[in-house]
Amino acid sequence: MRARLIGAALATVLLAAIGYGLLERAPQPVAAPQPAAGPAVPVPVSVIRHGTEFTLAGDVADPAAKRELLDAVLTSSDDVTVVDRLGVVPGAVSVDFSGAAPVFEAAAGIGDFTFEITGDTVTLGGTAAKADEAAAVQAAAEDAWARAHIVNELVTSSQRGEKSTKNN
C-alpha cells in the first residue's frame with residue numbers, strides 16, 4: 001500500500017514537472033504593436049456665453065491651462081455661472097490662457113459672446129452694442145495672442161436691435 005502511495009505521488013510530481021516545462025517553452029503571445037504617435041492635432045477650445053452662463057469645452061494640455069482659462073472667465077464679470085466641459089489631455093495642443101482675462105473683461109457686456117481657438121486661429125463672435133465694444137474685444141485678443149490669427153465675427157446692433165455691421 002505504501003508503494004502505491006509513493007508511486008502515485010511520484011507520478012503526480014512527474015506530470016506536474018512535465019506540464020510546467022511545456023508551459024515555459026510555449027510561445028508567448030505578442031502584444032499588438034501600438035500605433036506610432038503622430039503630430040498632435042489641436043482640439044478646439046471654445047467658450048460660449050448665454051447671459052451669465054459660460055460653457056467651456058475642449059481639451060487643454062494640463063490643469064494649469066484649465067485653471068488659467070477658468071480664472072479668466074470667472075474674473076470677467078460678477079455673478080457668472082461656469083459649465084466646465086474642459087478635458088485635461090496630456091500632450092494636447094493648447095494656447096497660453098494667461099493673458100485671456102482682458103478679452104473676457106472687454107466682452108463683459110456682450111451677452112452672446114463666443115470664443116474659439118483652433119490651432120493658431122482665434123475666432124470671436126457675438127453681438128456687441130457698439131462698434132467700440134467689438135473693437136475693444138478684438139484689441140484685447142490681439143494683445144493676448146499676438147502670434148495668432150484673429151477672426152473677428154463680432155457684429156454690432158443698431159438702436160433698433162438689428163445686426164448691422166460686421167468687423168473684420
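Which residues is Phe 104 in contact with, leaving aside its neighbours within four places in sequence? Here are some friendly notes to read beside the structure.

1. Before the answer, a word on the model. This is a predicted model, where local features need pLDDT of at least 70 and side-chain atom pairs count only at pLDDT 80 or more, while totals for chains, interfaces and linings use all residues. Residues are numbered from 1 along each chain as its sequence is written, and side-chain values use heavy atoms, with hydrogens and water left out.

2. Now the answer: Phe 104 is in contact (heavy atoms within 4.5 Å) with Val 47, Phe 54, Leu 69, Ala 72, Val 73, Ser 76, Phe 113 and Phe 115.

3. The buried residues of α4 (under 20% relative accessible area; exposed is over 50%, partly exposed in between, with a 1.4 Å probe and protein chains only) are Glu 133, Ala 134, Val 137, Gln 138, Ala 140 and Ala 141. Seen down the axis of α4, they fall within an arc of 160° (taken from the directions from the axis to the C-beta atoms), so they line one face of the helix. Exposed Asp 132 and Asp 143 sit on the face turned away from that buried side.

4. Finally, find Thr 114 in strand β4. Thr 114 is partly exposed, with a relative accessible area of 30%.

Conventions. Helices (H or I, at least four residues) and strands (E, at least two) are DSSP runs, numbered from the N terminus.
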